[in-house]
Amino acid sequence: MKRNIITRPIVWHRLCCITALLGCLPLLWPRMLPRSWRVDAPDIAGALVLGSFLLSLTLIIIASMTMLLRLRNLRALGQFLVWTAQWGITAGGFCVLAYFADVPDITRVPTVIAASEQEEIEEMPALPADELTGPDALCISIFPEGFATDIIHPLPNLEILENEHSDILRAYIETSPRWALYTGDSTFYTKPGHVVMRPPAAGGIPGLVHVAFHRLVGGDHLPSGYSIVKPGDPMPSTPEGSEQVPDLAVELSPGHYLLLAWRGTSHAETAHRALNAALAAVDNMVWPLVESPTQETLSRLLIGKRELEAEEPSLLLSEPPSQFGAYQAEAYINPGEPGTCVLRIVDLTSNISLRLFSFPAQFSENPRVQFRHDIPGSIPPNLRAASFGYESGLLPEKAPLFAIRRGVSHQTFPVAFELRFVPSDAPNDDRLLIRRCFMVQACEGSQQ
């Protein structure tokens, strides 16, 4: 006669063990499931494994107690040993599967930084001063040593483009975040989002060169307050009674100028060398367009070098000189899989999150390569204004800058920049890629 399955609980234990092993598969190989299932799959699989074990445990307890009440002690002990062996084999099978599993390397990190990290705060630099290398960088180093002090430096590349490929040059200026913002504003040097060229500091910064392209449209007048010159002309002398060398409007063609404003030491030779070094730097930037005046070259010039040969990620932060409370950042990372980067800026004194940015991550399977991500340049335009902590009116909308918070400038406070990566396969998990601390300042929002 066929025995009742209830009297053979070993079958139930075997089914529970098989179910538990099957439930482990989505946990160990999350990419085996469709993307739409991956969010809920870990919770369901975990509940399945736990439920199978609890059901089997309940059955062995009931069966053992029943046999002990009937004084079948040896049979109860034998059944318990068989149950233990079954789950031991199941655990061994799980270990073998886990050894060959493709589990993402995810490190959970706290969302709030402890305020007790006083040592980090004390060791932070006074202000961020990293040199950015991307095409959006507004602070550019120049080296005036060796440049002339009596004539305007020649601009061969700009002149060729202006005379032979003006459409390419215009497209470059109007689409580059570095230049596009102030093509018609002669007072650009008083506002955030313009290019600043900085000579090396020698016992203090001697000064800065503020640079912008300027195009006259319709009935616009020549830039007021500038000395109109051409490449190769004599360098204008400082007017009598003035300590500041004159600002330059270098004519590229009728109606198109390169504006330069020196702000710093009144020493004429120092200022003239810096102005010529700035002219040379701008002219060198467009050299690739002279060699190949095509849309492909223009695209490469606007994108810049994305890859960096390095094994460790890095985060660079810059505050362009004279643009107080406005910042740019570059993150060099390679998470190795698709996902989203999340940059959180936390006030270390209050543990309050001040800004939160998110942008898609670039990646490859080569661990020796890091990819450049510009902040805010890599953030999709429709997400910039929607990012956490954003306040309108602090900075021009198209400026390649971000502010950390509104307030009085020149009053610094410590913050932590935390860059995390959220895999597409596991949106509920993230891992910390970089964490750096800085002393920063607020943005008054009255610089525009």
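User: How many salt bridges are there in this one?
Analyst: The count comes to 14 salt bridges. Keep in mind that this is a predicted model.

User: Why would side chains pair up like that at all?
Analyst: Side chains of opposite charge can pair when their charged atoms come close.

User: OK, show me one. What does Glu174 pair with?
Analyst: Glu174 meets Arg170 in a salt bridge, at 2.9 Å from N to O. Both residues are in helix α6, four residues apart, which is about one turn of the helix.

User: What about Arg405, which residue does its side chain meet in a salt bridge?
Analyst: That would be Asp347, with 3.3 Å from N to O.

User: Which ring does the charged end of Arg405 sit over?
Analyst: The ring of Phe413, 3.8 Å from its centre. Elsewhere, Arg263 lies over the face of Tyr189, at 4.7 Å from the ring centre.

User: Which residues make up a salt-bridge network?
Analyst: Glu418, Arg420, Asp430 and Arg435 are linked in one. Within that group, Arg420 and Asp430 have their closest N and O atoms 3.9 Å apart. Arg420 belongs to strand β14 and Asp430 to the loop between β14 and β15, so this pair connects parts 10 residues apart in sequence. Arg420 is buried, at 4% relative accessibility.

User: Switching to rings. How many aromatic pairs does the search find?
Analyst: Eight aromatic pairs, over the whole structure. Trp179 and Phe213 form one that is edge-to-face, 5.0 Å centre to centre with 80 degrees between the planes. Trp179 sits in the loop between α6 (166-175) and β2 (195-198) and Phe213 in strand β3 (residues 207-215), so the pair links distant parts of the chain, 34 residues apart.

User: Buried or exposed, those two?
Analyst: Buried: Trp179 has a relative accessible area of 3%, and Phe213 is at 1%.

User: How are Phe417 and Phe438 arranged?
Analyst: Their ring centres are 5.5 Å apart and their planes are at 85 degrees, so that pair is edge-to-face. Phe417 is in strand β14 (residues 412-423) and Phe438 in strand β15 (residues 431-441), so parts 21 residues apart in sequence are tied together. Phe417 is buried at 0% relative accessibility, and Phe438 is buried at 1%.

User: Which residues form an aromatic cluster?
Analyst: Phe53, Phe80, Trp83 and Trp87 form one.

User: Now strands. Why is β5 described as largely enclosed?
Analyst: Seven of the seven residues of strand β5 (residues 247-253) are buried, so the rest of the structure largely encloses it.

User: What does β5 pair with?
Analyst: Strand β4 (residues 226-229) pairs with β5 in the parallel sense over four bridges, with Ser227 opposite Leu248. Strand β6 (residues 256-264) pairs with β5 in the antiparallel sense over five bridges, and there Val250 stands opposite Leu258. β5 and β6 make a hairpin with two residues between them, and Gly255 in the turn has a positive phi of about 95 degrees.

Key
Residues numbered from 1 in each chain as written. Predicted model: local features only at pLDDT ≥ 70, side-chain atom pairs only at ≥ 80, totals over all residues. Heavy atoms only, no water. Buried < 20%, exposed > 50% of the residue type's maximum accessible area, 1.4 Å probe, protein only. Pairing = 2+ DSSP bridges. Phe/Tyr/Trp six-rings, centres within 6.5 Å; stacked < 30°, edge-to-face > 60°. Lys NZ or Arg CZ within 6 Å of the ring centre and 35° of its normal. Salt bridge = Lys/Arg side-chain N within 4 Å of Asp/Glu carboxyl O.
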